[in-house]
Amino acid sequence: MNKLLLPLLILLSLPLVFQSTPTEILKLKIFDAFVTTPEPSGNFVILNITEEDVEREGGYPLPRQRLAEIQIDLINKGAIGIGWVISFPQPDRMGGDAVFAEALGYAPSVIAMFEDGKGNFPASPGTVVMGNNNGGIVSSGVKSNLPTLSNNTLQGLAIAPTEVDQLVRKLPLLVKTTNNEWMPSFGTQIYKSLFNVKTYIIKTNDNGIEEISIRGIPPIKTDSLGRKWISWVDTPQTDLQEMNVAGKFVFVGVTANGVMPQIATPVGLLEPHKIQAALSESILIQNSPYIPDWHLAAEILILLIFVSLTWLTINYFNVVKGASLFGIILLTTSFLGVFSIQKGVLIDFSLTFVSQIITSTISFYLNYQKQYKLRQEIKKQFEHYLDPRQVKQLQDDPGLLKLGGEKKEATFLFTDVRGFTSLSERLEPEEVTEIMNKVLTIQANAVKKYEGMVDKYIGDAMMAIFNAPLDLDSHKEAAILCATEIQDKIKLSGLGVEIGVGINTGYAVIGNMGSDTRFDYTAIGDCVNVAARLESATKEVGVDILIGENTAKKVDFKLKSLKPIKVKGKEEYLKIYTNI
């Protein structure tokens, strides 16, 4: 079965290696569920221009003269800066551009730009790249604001690229132009406006962008494309009537129906200004969640380790212990996955978890199939030679049968029908068969009664083992009682035959001799051979039962000592006994 492990590992790793869509979606959903959401920083507020505000103002777009008034009102209310997540690429038909431009200069301000795909870009702000100028998302073109406005404030690109499931989770801090220059995102420009910074510092490595620095705040760790994982902080919100903005930077956007597009996020549909506010909040979060560049190698390694552990655990332990250990391994996988996510390192354990379920199912099925086949083999081999209760015990715990055998002390009993040859000559074959079946049945029933095992029939002879395959404390006594009962039952049967019985005790190799699919349970050893020789000597000695010295020791029977005999294969004379 272990040969299946490597192909299984390769198969289960493929969705990770090729980053299949279902795998990516599952991973992202798991991240959404367990990434912790911190409290708002207290530095930002969202101002919504609502449906009621638009009706009150006489429709949308609002005149820029009115926007200038809102800008000044926010400053008077204590706002430390204003970000308009609205673009102004065309002149105001009411001529309010100059007034609005002047108002934008009264406080740190940023206005939004959006992509148009036409390949045009405004002038790039100052950037310093530490390392190779690689990595980053390349923009297809940006629609700039009116020069009247852009010359008096900062511009930031408000984009929200989606993941494979069409939800926004990561936003770029800087976007690359087709000229290999850099355009800052709206949320990044907020900090440049607040701290009056002239230059961004981009640190890169061989994979791409590593971090972006803005003077005034700690370096911001990003992925190789310069994206920051967004923590969907519940930033306070206000409106034009309340204007609760004192001491905060204000993100201004429109929530009125049909004006701004709503963008799908893990926390629902959000307007662009709320998404950019979330980006600015996330930039300030120390040790905020991120997907490391080495995540794929880590995820593959985790899958290989935990799936292998699952497979080996289930295959090397019995069902109860294997299932218990598998449960512990599964819980460990879940704990490590959740722990790493909540610590901000977004490593995917979801496919490993699913792969463990698949692996355990396959492994349990194969084990069941193997155990079922083994139980059928056990039943087939032992049902005629053991008591049904013993067969059931072996089926419940096949581990009691060890392929290759084990060295174990047992008592061995051999029988043989005397005068079988003459019997065969006097009677018809059918009659001989009937008599032999009855004789062997009497012997087998006696062996089962005393919890021994009929190992095999050899013509008119029988071999039985006591203390294997199941342990039997009083195996010596059981063998002697069995031999006595065989003699008594044969004499009472009136079948006209006699039985010679040889009994000996000693250590032998006992177990399944053969292959995994076909084996024979038997015993091999000198003590087994001695038992067979004792049976052969019964006729010569003139008794029905001969018992070896090892069996005769420490038994609760009165046995009669006989004259030692010489048997084939033994140089020394054997001490022998018989029952009284």
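Predicted model: local features only at pLDDT ≥ 70, side-chain atom pairs only at ≥ 80, totals over all residues.
Helix H7, residues 186-195, is largely enclosed by the rest of the structure, because eight of its ten residues are buried. The buried set of H7 consists of Phe186, Gly187, Thr188, Gln189, Ile190, Tyr191, Lys192 and Ser193. A residue counts as buried when its relative accessible area is under 20%. After H7 comes Asn196, which has a positive phi near 55 degrees.

Helix H10 covers residues 319-342. The buried residues of H10 are Gly322, Phe326, Ile329, Leu330, Thr333, Gly337, Ser340 and Ile341. In general, an α-helix has 3.6 residues a turn, so residues three or four places apart point the same way. Just after H10, Gly344 adopts a positive phi of about 95 degrees.

Helix H11 is formed by residues 350-382, and Ile358 is one of its residues. With a relative accessible area of 37%, Ile358 is classed as partly exposed, the class that lies between the limits of 20% for buried and 50% for exposed. The C-alpha atom of Ile358 is 34 Å from that of Pro161, and the two residues are separated by 197 residues in sequence.

At the level of the whole protein chain, 17 helices and 26 strands are assigned. The radius of gyration is 44 Å, well over the 25 Å that the globule rule gives for 580 residues, and the protein chain is therefore more spread out than a compact globule. Along the principal axes, the C-alpha atoms fill a box of roughly 135 × 50 × 40 Å.

Of the 580 residues in the protein chain, 49% are buried. Contacts were also examined by sequence separation: among those between residues at least 6 apart, 74% join residues at least 24 apart. Charged side chains number 55 positive and 62 negative, and the centres of the two sets lie 7 Å apart.

Note on methods: Residues numbered from 1 in each chain as written. Heavy atoms only, no water. Helix = DSSP H or I, 4+ residues; strand = E, 2+ residues; numbered from the N terminus. Rg over C-alpha atoms; globule rule 2.2 N^0.38 Å. Buried < 20%, exposed > 50% of the residue type's maximum accessible area, 1.4 Å probe, protein only. Contact = heavy atoms within 4.5 Å. Lys, Arg positive; Asp, Glu negative; His and termini not counted. Charge placed at Lys NZ, Arg CZ, Asp CG, Glu CD. Expected span 1.5 Å × (residues − 1).
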